[in-house]
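Walk me through how this model packs. Take the helix pairs in turn, then the nonpolar cores.

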Amino acid sequence: MKTRLKPWRVALGLLAACLFVPGAVQAGPAAGDVVQIRVDAKAPGTPFPHFWERMFGSGRAVLSLRDDYRKDLVEVKQATGFGYVRFHGIFDDDVGLFHLGRNGQPFYNAADKSGKDGRPVYNFSYVDQIYDGLLARGVRPFVELGFMPQDLSSDPRALQDFWYHPNVAPPKDYALWDGMIRAFARHLVARYGIDEVSKWYFEVWNEPNIGFWAGNPKMPTYFTLYDHTARALKSVSPRLRVGGPATAQAAEVADFLRHAHDAGVPVDFVSTHVYGDDTADNVFHTSENIPRKDMVCRAVDKVHREILASQYPKLPFIMSEFNASYANLPNVTDTVYMGPWLANTIRACAGKVDAMSYWTFSDVFEEGGVVRSPFYGGFGLIAEDNIPKPSFNAFAMLHRLGDVQLPVASDSALATRRADGTLVLALWNYAPPVGDTASYTVGKPAGAVRHFRLDLSSLRAGAEARVWRLDEKHGNAVAAFDRMGRPDFPSREQIAQLRKAARPGAPERVALRDGVLNLDIPPQGLVVVEVK
């Protein structure tokens with residue numbers, strides 16, 4: 001959860017073509033909203049790296065030691081192939097990395113309330129278990145450097161509102177902070193080797209422009225933190241990658257890059273965050289009403305242009321947090337709405353960002369406290385008890401897209417090609433979230449079924465398509481949960497039923513007729529089509 005200032009074709013025609021499904025005949029679309037799409041499977045296309053699934057966010061560092069976190073990590077890794085995970089809190093006291101020795105004793109003793117002015121003591125036990133666990137599962141850390149150990153804080157009372165109350169004050173002594181950063185980096189290099197750790201990313205802090213940083217004034221004091229941290233890391237090895245400013249609301253990037261240039265401080269990548277319900281006032285300083293489906297990529301475009309206009313036009317750009325909402329909205333992040341929202345975001349952001357980190361891969365997550373219900377609007381792709389959400393199915397389906405994008409004249413479609421020549425399309429029928437997004441009641445989304453007529457005549461005769469669907473009736477565990485009456489603590493039998501309901505099922509096999517494929521997609525539906 002992120003703290004924010006909370007705001008808040010049609011073409012008519014009658015098509016006579018029909019689909020031939022082995023064993024069944026399916027009628028073509030009736031009159032209505034028809035989207036006609038022609039795809040030339042042999043067009044040269046443009047590169048289409050899977051920037052949206054390179055990394056994910058997660059609950060704080062210490063949660064990565066939990067069995068359910070690691071099970072969810074493996075499941076999302078298998079579905080998306082993602083390579084990095086980012087979380088808060090590697091320096092928090094529950095990880096135990098740093099404290100000051102007391103009276104010459106190097107071991108922490110909570111009962112000893114005497115002086116905290118001893119030498120720095122570093123304990124890498126949990127740090128090693130955390131990073132060993134990620135690497136063993138094929139995922140590297142995207143290291144967010146924060147928050148502040150209590151013994152190093154300039155204000156032990158500067159606690160953020162999260163359930164676990166991290167300290168967000170600047171260090172009381174930058175010599176101690178620099179020493180901790182160097183000791184941390186040296187330990188990682190000694191344990192994993194510089195060839196490995198040089199592939200990691202080190203991001204300085206989290207959202208210093210809002211309530212996650214108690215420095216005053218915020219950005220100038222953050223720049224001091226950044227300068228010390230970047231230089232300390234580079235003193236261990238110039239191969240370590242460091243960046244920022246990790247701001248909320250796509251803010252302060254131009255000023256950060258200007259500062260880095262003027263101060264001669266190292267910067268290897270740019271990172272910032274944005275959510276679908278951030279406001280135009282906060283992101284663009286305008287009074288526009290920007291729809292949820294457009295906000296993330298409008299912000300991506302803004303930062304992309306700021307980087308190009310800076311002294312560092314070739315720096316990698318990582319949107320290290322994004323989602324459709326920064327709040328827990330059940331009618332948004334738990335529902336099939338996320339399929340079209342994600343597909344449209346991928347379409348609109350392509351070519352402007354190197355990586356985007358969806359917040360988060362799992363609901364093993366405690367910023368607002370212990371999870372009270374499997375479907376409460378959590379950020380994760382997988383709900384409590386390892387129940388995949390519609391968003392998980394959306395990522396798994398969109399993972400099938402190729403790595404070359406083909407031109408298509410529609411804002412409701414993506415056409416791609418894989419290296420083996422397979423054509424993969426994503427098609428969607430975007431409709432806004434239903435009613436009161438804070439409600440647990442999920443009604444029918446507004447809008448009509450859209451009829452997609454795909455002209456794939458450039459393919460060989462007799463081509464067959466496989467079709468995956470995500471909508472109210474496919475891959476939607478929440479519908480089953482609603483039918484159960486939304487129990488806060490489902491029984492083991494109900495959990496098994498929910499996991500079964502979450503599976504989208506085998507793809508339909510559909511033969512093209514005269515190079516044409518007709519598909520109906522309901523509101524908030526997502527379809528992925530694969531034609532070999």
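Helix 1 (residues 67-80) packs against helix 11 (residues 390-398) at an angle of about 35°, with the two axes 8 Å apart. This is a predicted model. On the helix 1 side, Glu75, Val76, Ala79 and Thr80 make the contact; on the helix 11 side, Phe392, Phe395 and Ala396 do. Sorted by class, the contact of helix 1 with helix 11 has 5 nonpolar, 1 polar and 1 charged residues.

Stay with helix 11 for a moment. Pro390 lies in this helix. Is Pro390 buried or exposed? Its relative accessibility is 0%, so Pro390 counts as buried. What does Pro390 touch, once residues up to four places away in sequence are set aside? The list is Asp334, Thr335, Val336, Leu470, Gly475, Asn476 and Val478. Met338 is 52 residues from Pro390 in sequence, yet the C-alpha atoms of the pair are 7.0 Å apart in space.

Helix 8 passes helix 10 in a right-handed crossing. From helix 8 come Arg292, Lys293, Asp294, Val296, Cys297 and Val300; they meet Trp341, Asn344, Thr345, Ala348 and Cys349 in helix 10. By class, that contact of helix 8 with helix 10 has 6 nonpolar, 2 polar and 3 charged residues.

Next, helix 5 (residues 218-236) and helix 6 (residues 253-263). Their axes lie 11 Å apart, and the packing angle is about 55°. That makes helix 5 oblique to helix 6. The crossing of helix 5 past helix 6 is right-handed. Helix 5 contributes Tyr222, Phe223, Tyr226, Asp227 and Arg231, while helix 6 contributes Asp255, Phe256, His259 and Ala263. The contact of helix 5 with helix 6 has 5 nonpolar, 1 polar and 3 charged residues.

Tyr222 leads on to the cores. The largest nonpolar core has 125 residues. Which of them touch the most other members? They are Ile90, Tyr131, Phe184, Phe202, Trp205, Tyr222 and Leu398. Take Phe184. Leaving aside neighbours within four places in sequence, Phe184 is in contact with Ile90, Phe91, Leu97, Phe124, Val127, Tyr131, Val143, Leu145 and Phe202. Another core, of 27 residues, lies apart from the largest one; Ile37, Leu454, Val467 and Val531 are among its members.

How values were computed
Residues are numbered from 1 along each chain as its sequence is written. This is a predicted model: local features need pLDDT of at least 70, side-chain atom pairs count only at pLDDT 80 or more; totals for chains, interfaces and linings use all residues. Side-chain values use heavy atoms; hydrogens and water are left out. A nonpolar core is a set of buried Ala, Val, Leu, Ile, Met, Phe, Trp, Tyr and Cys residues joined through side-chain atoms within 4.5 Å. Buried means under 20% relative accessible area, exposed over 50%, partly exposed in between (1.4 Å probe, protein chains only). Contact means heavy atoms within 4.5 Å. Axes are lines fitted to C-alpha atoms, for helices over the stretch in contact, and angles run from 0 to 180 degrees between N-to-C directions. Helices (H or I, at least four residues) and strands (E, at least two) are DSSP runs, numbered from the N terminus. Angles under 35 degrees count as roughly parallel, over 145 as roughly antiparallel, 65 to 115 as roughly perpendicular and the rest as oblique. A crossing is left-handed if the near helix is turned anticlockwise from the far one by less than a right angle, and right-handed if clockwise. Ala, Val, Leu, Ile, Met, Phe, Trp, Tyr, Cys and Pro count as nonpolar, Asp, Glu, Lys and Arg as charged, and the others, Gly among them, as polar.
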